Amino acid sequence: MTGTTLLRGNLGTSVDNVFTLNPTTIIDTRVNFTFFNEIHGTPAQAYSPASVGLPYGSVTEPELPYINFSTGSSCGSFTSYQCFGDTSSALDPTTSFQVFADVVKVLGRHTLKVGFDGRQYRLSVQNFGDASGSYTFGSTYVTQKAGGTAQTFGSDLASFEFGLPTSGEYDINARSDYHQYYTGSFIQDDWRVSDKLTVNMGLRFDIDTPFREKDGRTVNGFNPTAINSASAAATAAFKPLTVTSGSQSATLSTFNTLGGLTFPGSNNGAVYATNSGYVSPRLGFSYSIDPKTVLRGGFGLFVQPETLASLASTGTYSSNALSNSEGFSASTTYTGSTNNGLTPPTNVLSNPFPNGFVQATGSSQGASTFLGQTISFLAPVQHDPYAERWNLGLQHSLTSSTLIEFLYQGNHGVHLPIAQQNINAIRTQYLTTNPYRNNSLSSAYATTVANPYAGLLPNGGSNNNATVAFSNLITPYPQYGTANVLEQNQTIGQSYFNSVVAHVEQRSKHGLTLTANYSYSKLIEADTFLNDEDSTPTRRISPFDHTHHFTVGGTYNLPFGKGKTFAFGGSRLMNELVGGFVINSIYQFQSGQPLVFTNDLVLAPGATLRQISNKPRNTALVGSGNPALSTNEFVTGNVAALTTTQCTATPSACDGSTFINNGAYVDHYRTLPQTLSWVRQDGYNNLDASILKNFDLVHGAYLQLRFETFNTLNHPVFAAPNVSSGTASNFGYITSTIANSLPRQVQLGGRIVF
């Protein structure tokens with residue numbers, strides 16, 4: 001039993017009362033309640049751990065443990081077996097309450113509107129994770145000898161039958177219950193200054209409280225100067241270090257031991273702090289220059305309340321809440337063999353945790369919580385994101401049925417949330433800026449040194465060992481080693497959007513209706529970090545920038561048949577044969593979006609950014625033709641690193657100052673932009689068309705037959721080429737279409753209209 005199930009249930013009710021007090025006054029009041037329940041389940045819940053021989057009392061979620069077979073490539077592949085169970089079971093119910101009221105009053109040339117909007121949001125999060133345990137089986141215990149060759153297929157199943165996992169984990173995850181309040185008050189005046197000029201003025205005041213956890217089971221930030229339980233001993237144990245490899249050396253002379261998580265001081269503690277309120281003005285106007293020409297414009301601020309979700313690179317918020325409950329949840333790591341399988345472990349699958357489980361400590365350890373482990377927290381101080389929007393447009397009627405319009409519009413997004421930043425990335429001064437791979441520096445950082453935290457981080461895994469790699473100590477917070485310390489939703493991002501739009505509309509005349517739009521736009525954003533070590537987001541052309549967008553759609557009633565230009569003398573036969581035909585079509589063109597270089601690729605000797613190009617419709621097979629991306633501008637080799645002796649003899653071959661044919665950086669400060677405005681993937685080029693035929697029946701009723709095609713020209717939209725790794729065999733090649741690029745579809749239909 002494997003896989004997941006998703007059940008979503010929605011229940012809501014609303015009561016709305018509109019009361020007309022007098023001919024110039026209307027009062028609207030509304031109360032709303034909505035409950036949304038999301039259940040992530042698994043077929044494995046049909047079985048308890050006891051049914052497969054595991055102690056039932058050791059689990060908090062009655063479902064099969066997760067069993068992973070790891071000898072092959074992945075679960076269910078040709079060289080492996082299907083995994084059992086699942087680790088994504090969760091309960092995520094949400095509830096919202098709303099009270100709304102407004103009053104509309106007409107006073108002469110003024111239409112006033114005053115209102116209030118109050119809401120409460122409730123969110124519960126229960127992620128079970130490895131609540132029944134997860135166990136991975138490999139070839140460690142069934143390989144003939146140390147250094148022997150593992151079996152290609154079946155060794156993981158053999159280990160499973162012996163009950164000998166190679167790794168595993170058991171989770172006790174806390175439930176979190178959050179709530180938040182929002183209030184908004186507004187006033188608006190629509191003022192008809194004259195027959196030619198109308199002005200709209202408005203003001204809104206929003207208060208968005210932070211989310212609070214009912215029982216205080218949450219972290220609420222990170223204090224970089226907090227003293228933790230390991231600070232004093234680690235400071236005393238530290239001695240300045242210098243490591244060397246080839247011509248590269250690095251010295252660590254200062255050592256920070258401070259820093260740790262913070263927690264709310266009481267129940268209903270806020271997860272973060274927000275601004276105390278925000279005033280949003282709005283102003284718009286409409287002016288009739290003459291009977292055929294109208295000038296319109298406006299400006300406004302629009303606030304987006306903060307959420308417990310992350311803003312993905314796709315521009316949408318995640319559906320899973322950001323619930324950070326370190327200390328209130330606990331994980332127990334399965335202890336297998338301590339000598340690479342020379343002797344089998346005593347902790348077998350039938351009793352994998354004989355010493356019990358690590359229990360949650362809550363906030364009792366303060367800044368010492370989760371030392372040596374990955375932690376995450378929401379930015380302690382956040383600001384409600386808002387948008388400054390403006391537009392100016394001119395509309396003119398050429399004839400009684402033809403309209404043209406020109407519009408400029410802009411948007412400046414302010415205080416946008418940044419998904420996350422690892423504030424424990426290697427300090428900037430220890431990163432190389434050389435143009436090529438610096439093998440010597442990487443080797444130096446891998447040098448084993450004495451660990452000042454030895455024995456001080458009992459749940460820190462290898463961070464608690466007597467020795468660690470030098471790289472563990474050159475992070476800002478070495479008490480976490482190289483584990484991530486993730487700060488989420490810093491509201492310091494921005495975006496800039498500008499566009500001009502031309503619109504033509506032909507209202508129905510001589511059977512033809514036509515609408516066409518063309519827009520030229522640019523979207524720039526600064527809502528992600530190029531390097532985790534950076535203090536400000538990188539400014540880039542947005543991955544969602546589409547410079548050109550053109551749409552035209554029309555309907556044409558062919559001029560044949562009864563009541564048309566060519567009536568054939570009123571012949572009923574000719575009317576049935578050639579009359580009543582209608583042609584519809586919609587054509588859309590949109591230029592492609594920029595490629596996103598997610599990883600730090602190495603440029604070839606002499607290559608510049610402007611030389612990088614992409615042919616978005618070049619779909620040559622991998623290895624049999626030129627790739628779509630100009631891969632000659634990148635280092636694509638994957639030669640073995642030179643030995644220490646070779647690097648000492650020829651330092652420049654290993655320090656990254658001269659070309660080495662290895663396509664991956666290590667410990668490098670990135671300068672390659674994430675996007676380039678002139679390097680784009682395939683655009684959208686689509687035509688939908690249909691033909692309709694109407695057959696008159698009786699008393700105004702008619703039969704309509706429809707022949708419809710979607711993607712009429714069968715035009716695929718290709719995905720971006722692979723740019724994840726310069727050393728990949730398919731680097732620069734296009735190997736798929738985008739998810740919603742469907743082949744031509746044809747459908748026939750009919751209906752009777754009466």
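This is a predicted model: local features need pLDDT of at least 70, side-chain atom pairs count only at pLDDT 80 or more; totals for chains, interfaces and linings use all residues.

Me: Where do phenylalanine 69 and phenylalanine 84 lie?
Reply: Phenylalanine 69 is in strand 3 (residues 66-69), while phenylalanine 84 is in the loop between strand 3 and strand 4 (90-91), so their pair ties together parts that are 15 residues apart in sequence.

Me: Is phenylalanine 69 buried or exposed? What about phenylalanine 84?
Reply: Phenylalanine 69 counts as buried because its relative accessibility is 3%, under the 20% cut-off. Phenylalanine 84 has a relative accessible area of 30%, so that one is partly exposed.

Me: Why is the pair of phenylalanine 634 and phenylalanine 731 called edge-to-face?
Reply: Because the planes of those two rings are at 90°, with the centres 5.6 Å apart. Phenylalanine 634 lies in the loop between strand 31 (581-590) and helix 5 (644-649), and phenylalanine 731 in the loop between strand 33 (702-710) and strand 34 (745-753), so this pair ties together parts 97 residues apart in sequence. Phenylalanine 634 is buried at 4% relative accessibility, and phenylalanine 731 is buried at 4% as well.

Me: Switching topic: how do strand 1 and strand 2 pair?
Reply: Strand 1 (residues 5-22) and strand 2 (residues 25-41) run antiparallel over 17 bridges. They make a hairpin with two residues between them. Within that pairing, valine 18 is opposite aspartate 28 of strand 2.

Me: OK, proline 543 next. Where is it found?
Reply: Proline 543 sits in the loop between strand 29 (540-541) and strand 30 (548-557). With 6% relative accessibility, proline 543 counts as buried.

Me: What is proline 543 in contact with, beyond its neighbours within four places in sequence?
Reply: Glu525, Gln593, Pro594, Val596 and Thr675. Leucine 676 is 133 residues from proline 543 in sequence, yet their C-alpha atoms are 9.3 Å apart.

Me: Now zoom out. How many helices and strands are in the protein?
Reply: Five helices and 34 strands. Of the 754 residues, 41% are buried. Taking contacts between residues at least 6 apart in sequence, 74% join residues at least 24 apart.

Me: And what does the C-alpha trace span?
Reply: About 100 × 65 × 55 Å along the principal axes. The accessible surface is about 37400 Å², with 57% of that belonging to carbon and sulfur atoms.

Terms used. Residues are numbered from 1 along each chain as its sequence is written. Side-chain values use heavy atoms; hydrogens and water are left out. Helices (H or I, at least four residues) and strands (E, at least two) are DSSP runs, numbered from the N terminus. Buried means under 20% relative accessible area, exposed over 50%, partly exposed in between (1.4 Å probe, protein chains only). Contact means heavy atoms within 4.5 Å. Accessible areas come from the Shrake-Rupley method with a 1.4 Å probe; for residues, only the protein chains shown count as cover. Two strands pair if DSSP finds at least two bridges between them. Rings of Phe, Tyr and Trp (its six-membered ring) pair if their centres lie within 6.5 Å; planes under 30 degrees apart count as stacked, over 60 as edge-to-face and the rest as tilted.
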